[in-house]
Structure formats: structure tokens, C-alpha cells
Amino acid sequence: MLTTRFVTGSPVWVDLGTPDLDGARSFYRALFGWEFAPAGPDTGGYGTFTREGGTVAGGTAVPPERGGSAWTLHFRVPDADAAATAVRAGGGRVALDPMDVLDLGRTALFTDPTGADFGVWQPGASPGLDVVGEPGALCWTELYTPDPVADLSFYDLVFGMEAHTFAEGAGGAYTLLQPAGTGPASPGDAFGAVVPLASDPAEAADGPSWTPYFEVDDLDAVVAEAERGGGKVRRGPADLAGLGRCAKLTDPCGARFAVLRADRREA
């Protein structure tokens with residue numbers, strides 16, 4: 001599962017772009033206990049979600065004409081410009097050229113060859129999120145893609161990600177992702193997984209994506225609260241191989257995410 005021992009290729013940031021930032025603040029406060037703080041006048045309205053004082057996500061308002069609400073995962077890189085070059089070489093698209101974010105770091109936004117959006121973060125003063133892998137924070141991710149083989153080659157080129165097949169329980173094989181050189185495959189070492197898009201109707205209807213998972217203590221209570229707050233259940237509570245029990249949701253503006261009650265948690 002995720003930790004804050006960030007290395008190249010590991011998720012280090014997640015943020016929400018939404019046409020209704022005030023509504024998102026209320027929704028995620030009720031769901032996870034998050035508070036929102038604007039980052040300042042030089043950040044274009046960007047801000048951070050915090051829980052008990054630690055940063056768990058970012059958020060910003062986007063004009064309605066730019067589309068709906070979406071969560072975006074960002075992966076650590078030593079050089080955002082080199083990552084952009086690798087993305088182009090691998091058949092991906094650069095949606096936002098590398099740019100500095102004050103003295104905090106350097107970022108860029110990309111789309112992989114099958115259409116899933118993601119970002120990168122080259123750390124400066126900020127290494128990434130303060131809190132991951134605990135209740136109310138990012139703990140896991142899944143890449144839903146129509147072509148796992150092609151995407152695995154792409155992400156290996158860009159980040160050096162490793163993929164390993166892990167089998168446990170009735171769910172059968174599960175392809176785990178972890179940064180290069182971090183050891184043998186197990187849920188404890190991995191940060192996410194690759195899943196064929198066609199295997200999950202809830203994801204197939206909306207197309208390729210990286211789906212962030214946030215850890216919760218009471219899955220059923222969080223699902224019920226999401227529905228009360230105007231969100232929707234895309235897929236009801238189900239077991240996730242070797243990890244715990246999860247549900248896939250959307251917020252009131254349509255941003256896709258998932259929640260996970262972990263069976264075991266790394267210290």
C-alpha cells in the first residue's frame with residue numbers, strides 16, 4: 001500500500017478539478033472529514049484538502065466548459081521535462097507542458113496512449129502529500145485500460161514501473177504495480193493495479209482512467225453518506241483481492257473515485 005516514502009514512479013499527489021468547488025468542499029468534508037484551504041493569490045484558486053492538519057489532496061475550480069469533475073493522480077519524477085519527452089516517445093499526449101509551481105516543485109499533465117489522464121510531480125520544497133495509507137487519505141489506485149499490455153510498456157518507459165501478477169482468493173489474478181527495484185510483488189509493496197477496462201462495466205462505461213482509492217474505517221457508512229450528499233454508487237461494496245472491501249463512487253459533479261476498508265495496514 002502507499003506510504004510517504006516517495007520514490008520515482010510512486011503516486012505523490014492527487015487533486016480534484018471541479019466546476020463546483022464549494023459543493024465539493026461540503027461533500028468531502030462530510031465524507032472524509034476534510035477541510036479546504038486556498039493556497040494563495042498566486043495559485044489561480046488552487047487549494048489543499050487537509051485532515052487533522054495534514055494535506056491529503058489538492059483541489060481547484062474548473063470552468064464548466066472544460067468538462068466535468070475529475071480526480072487526477074500525479075507520480076513522482078526526477079525531471080518533469082524528461083517525463084514529457086518519454087510520454088511523447090511512448091505514444092502519449094502532453095496536455096499541460098511542464099511548469100513550475102512557485103518553489104514547491106514542477107508539474108505536467110499527460111494522457112496515456114489509451115486515453116487515461118495523469119500528472120507528474122518533480123519535487124522542490126514539497127515532496128508531495130503529507131498523509132497517505134490511512135483513513136481519509138489516498139491508499140491505492142487502479143488503472144483501467146482497454147490494452148493493459150500496451151499501457152504497461154508505456155508506464156515502464158515513462159517511470160520504470162514494474163507489474164507483477166498476484167493471485168489471492170476468489171478474485172483470482174490481479175496485476176500489481178510498484179516502482180522499479182522495490183522488491184517482489186505483494187499488496188504490501190505495491191501502490192496499485194492494472195485492470196482490463198472490459199472486466200468492469202462501472203469503469204467501461206466512462207472509459208480509461210486512473211481511479212484513486214481513499215481509505216475508510218466504515219465502508220457502509222461512507223457509501224451511505226456519499227448518496228446523501230448527492231454522489232452515486234457506481235459499484236456496490238465488494239472484496240478487492242488481498243486488500244479489503246471497496247466501493248466505487250462518483251461525487252455530485254461526476255468525479256470518479258473509490259473507497260477501501262483495508263484488511264491490513266502498513267505501519
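This is a predicted model: local features need pLDDT of at least 70, side-chain atom pairs count only at pLDDT 80 or more; totals for chains, interfaces and linings use all residues.
**Exercise 1. Describe how helix α1 packs against helix α5, and say which residues meet.**

Solution. Let's begin with the general idea: a pair of packed helices is described by the angle between the axes and the distance between them.

- Step 1: α1 covers residues 21-32 and α5 covers residues 219-228; their axes lie 9 Å apart, at an angle of about 160°.
- Step 2: Angles over 145 degrees count as roughly antiparallel, and α1 and α5 are therefore roughly antiparallel to each other.
- Step 3: The handedness of the α1 and α5 crossing is right-handed.
- Step 4: On the α1 side, the contact residues are Phe-27, Ala-30, Leu-31 and Phe-32, and they meet Val-222, Glu-225 and Ala-226 of α5.
- Step 5: Sorted by class, this contact of α1 with α5 has six nonpolar residues, no polar ones and one charged.

**Exercise 2. Now treat helix α2 and helix α3 in the same way: at what angle do their axes cross, and which residues make the contact?**

Solution. The steps follow the pattern above.

- Step 1: The axes of α2 (residues 80-89) and α3 (residues 148-159) cross at roughly 155° and come within 8 Å.
- Step 2: That angle makes α2 roughly antiparallel to α3.
- Step 3: The crossing of α2 past α3 is right-handed.
- Step 4: α2 contributes Ala-83, Ala-86, Val-87 and Ala-89 to the contact, while α3 contributes Phe-154, Leu-157 and Val-158.
- Step 5: The class count for α2 with α3 is seven nonpolar, no polar and no charged residues.

**Exercise 3. Characterise the largest pocket: how much space lies in it, and what lines it?**

Solution. We go from volume to lining.

- Step 1: The largest pocket holds about 1400 Å³ of space.
- Step 2: Its lining has 50 residues, and those closest to the centre are Asp-15, Tyr-46, Thr-60, His-74 and Leu-109.
- Step 3: Elements giving two or more residues to the lining include β1 (11-18), β4 (54-61), β7 (105-111) and β13 (209-215).
- Step 4: β6 supplies the largest share of the lining, five residues.
- Step 5: By class, the lining divides into 23 nonpolar, 19 polar and eight charged residues.

Key: Residues are numbered from 1 along each chain as its sequence is written. Side-chain values use heavy atoms; hydrogens and water are left out. Axes are lines fitted to C-alpha atoms, for helices over the stretch in contact, and angles run from 0 to 180 degrees between N-to-C directions. Helices (H or I, at least four residues) and strands (E, at least two) are DSSP runs, numbered from the N terminus. Angles under 35 degrees count as roughly parallel, over 145 as roughly antiparallel, 65 to 115 as roughly perpendicular and the rest as oblique. A crossing is left-handed if the near helix is turned anticlockwise from the far one by less than a right angle, and right-handed if clockwise. Contact means heavy atoms within 4.5 Å. Ala, Val, Leu, Ile, Met, Phe, Trp, Tyr, Cys and Pro count as nonpolar, Asp, Glu, Lys and Arg as charged, and the others, Gly among them, as polar. On a 1 Å grid over the protein atoms alone, a cavity is a set of points where a 1.4 Å probe fits but cannot get out, and a pocket is an open set with protein on both sides within 12 Å along at least five of seven lines; lining residues have an atom within 4 Å of a point. Grid points are joined across faces, edges and corners, and a volume is the space filled by probe spheres set on the points.
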